[in-house]
Structures are given as structure tokens and as C-alpha cells.
Amino acid sequence: MDADQFASRWADAWNRRDVEEVLAHFDDDIVFTSPTARAVTGEAVVKGKESLRAYWNAAMARIQSIRFDVERVLWDAGRRGLAIIYTARIDGAAKRVSENLILDESGRVIEADDITIRLSDDDERIRMLELR
């Protein structure tokens with residue numbers, strides 16, 4: 001598993017707004033947890049690739065501009081866990097995020113969540129969001 005290459009391709013796909021390319025790495029039975037999913041779908045947990053596709057397409061329809069810049073990649077081979085730490089710039093607002101992925105033996109993402117680590121520098125608050 002080349003974690004840096006995976007993270008680079010993942011960010012490039014998002015920067016091109018290519019939801020299908022991002023989804024190509026996800027298992028049909030993916031379980032994805034995100035506070036953003038709750039804001040878009042009303043539920044924090046999205047189950048299945050088709051539901052994830054619908055969520056991401058709905059979210060992208062609301063977004064004018066998007067840019068993900070990978071800062072750090074962490075791979076835990078024993079747990080098959082990948083953390084992609086990146087800055088998300090969406091419609092002019094920036095936040096630091098950790099995308100946490102669990103991969104199966106074939107390299108497909110079977111579980112994922114994201115955590116906002118820090119909001120933009122002009123926001124006085126730092127909040128930790130973790131849904132589990």
C-alpha cells in the first residue's frame with residue numbers, strides 16, 4: 001500500500017470534483033461517518049456506496065469552489081488504517097481535516113470518518129468533532 005500515492009490521487013480527484021473517481025476506491029458496503037453528512041442528509045452515518053454517491057453529489061451541488069491540500073499521511077499497516085490530514089478550502093473557508101479510512105485486504109475502503117481538527121485561522125475557536 002502506497003499511502004502517499006493513495007492520498008495524492010484522492011485529493012486530486014476531489015480537486016477535479018470527480019466523485020466517481022473518489023468512489024472507485026470504496027467498497028459497495030462502505031460505512032461513512034461525517035458531521036457534514038448530517039448537515040446535508042440529516043444523518044451522520046451514510047451506509048453503502050450508492051448512498052455515499054448521493055450524499056457527495058448533493059454536497060458538491062452546494063459548493064462553488066473546492067481545494068484539498070494534503071499535509072500529512074499516516075498509514076497503520078496492522079490495522080489497515082489510513083489518515084489523510086489535509087486543508088480543505090471550500091467556497092473561501094478553510095479548515096484542517098483528518099479523513100480516516102479503514103481498507104480491506106484488496107485496498108478498498110470499507111469504513112471512513114472525518115474529523116475537523118481546526119477551523120480557519122480567523123475563527124477563534126478550535127473544535128474537535130469525532131462521531132463514533
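Predicted model: local features only at pLDDT ≥ 70, side-chain atom pairs only at ≥ 80, totals over all residues.

Reply: Residues are numbered from 1 along each chain as its sequence is written, and side-chain values use heavy atoms, with hydrogens and water left out.

Me: What makes up the protein chain, in helices and strands?
Reply: The protein chain has four helices and six strands. Their order from the N terminus is α-α-β-α-β-α-β-β-β-β. Helices (H or I, at least four residues) and strands (E, at least two) are DSSP runs, numbered from the N terminus.

Me: What share of the residues of the protein chain counts as buried?
Reply: Of 132 residues, 42% count as buried. Buried means under 20% relative accessible area, exposed over 50%, and partly exposed in between (1.4 Å probe, protein chains only).

Me: How many aromatic pairs does the structure hold?
Reply: It holds eight aromatic pairs. Rings of Phe, Tyr and Trp (its six-membered ring) pair if their centres lie within 6.5 Å. Planes under 30 degrees apart count as stacked, over 60 as edge-to-face and the rest as tilted.

Me: What are the distance and angle of the pair formed by Trp10 and Tyr86?
Reply: The centres of Trp10 and Tyr86 are 5.0 Å apart, with 70° between the planes, and the pair is edge-to-face. It links distant parts of the chain: Trp10 is in helix H1 (residues 3-15) and Tyr86 in strand E4 (residues 81-90), 76 residues apart. Both Trp10 and Tyr86 are buried.

Me: Why is the pair of Phe26 and Trp56 called edge-to-face?
Reply: The ring centres of Phe26 and Trp56 are 5.5 Å apart and their planes meet at 85°, so the pair is edge-to-face. Phe26 lies in strand E1 (residues 26-33) and Trp56 in helix H4 (residues 49-62), so the pair ties together parts 30 residues apart in sequence.

Me: Why does Phe26 count as buried?
Reply: Because its relative accessibility is 0%. Trp56 also counts as buried, at 5%. Phe26 and Trp56 belong to one aromatic cluster, along with Trp10, Trp14, Phe32, Tyr55, Phe68 and Tyr86.

Me: How many salt bridges does the structure hold?
Reply: There are seven salt bridges. A salt bridge is a side-chain nitrogen of Lys or Arg within 4 Å of a carboxyl oxygen of Asp or Glu. Arg16 and Asp18 form one, with the closest N and O atoms 3.7 Å apart. Asp18 is partly exposed, at 27% relative accessible area.

Me: How far apart are the closest N and O atoms of Lys49 and Asp28?
Reply: They are 3.8 Å apart, and Lys49 forms a salt bridge with Asp28. Lys49 lies in helix H4 and Asp28 in strand E1, so the pair ties together parts 21 residues apart in sequence. Lys49 counts as buried at 12% relative accessibility, whereas Asp28 counts as exposed at 53%.

Me: Why are Glu50 and Arg53 separated by about one helical turn?
Reply: Because they are three residues apart in helix H4. Glu50 is exposed, with a relative accessible area of 57%, while Arg53 is buried at 18%. Salt bridges that share partners join Glu20, Glu50 and Arg53 into one network.

Me: What phi does Arg80 have?
Reply: Arg80 has a positive phi of about 55°, although it is not a glycine. Most residues other than glycine have a negative phi. Arg80 lies in the loop between strand E3 (66-76) and E4. Arg80 is buried, with a relative accessible area of 19%.

Me: Why does Asp91 count as partly exposed?
Reply: Because its relative accessibility is 39%. Asp91 has a positive phi of about 50° and is not a glycine. Asp91 lies in the loop between E4 and strand E5 (93-103).
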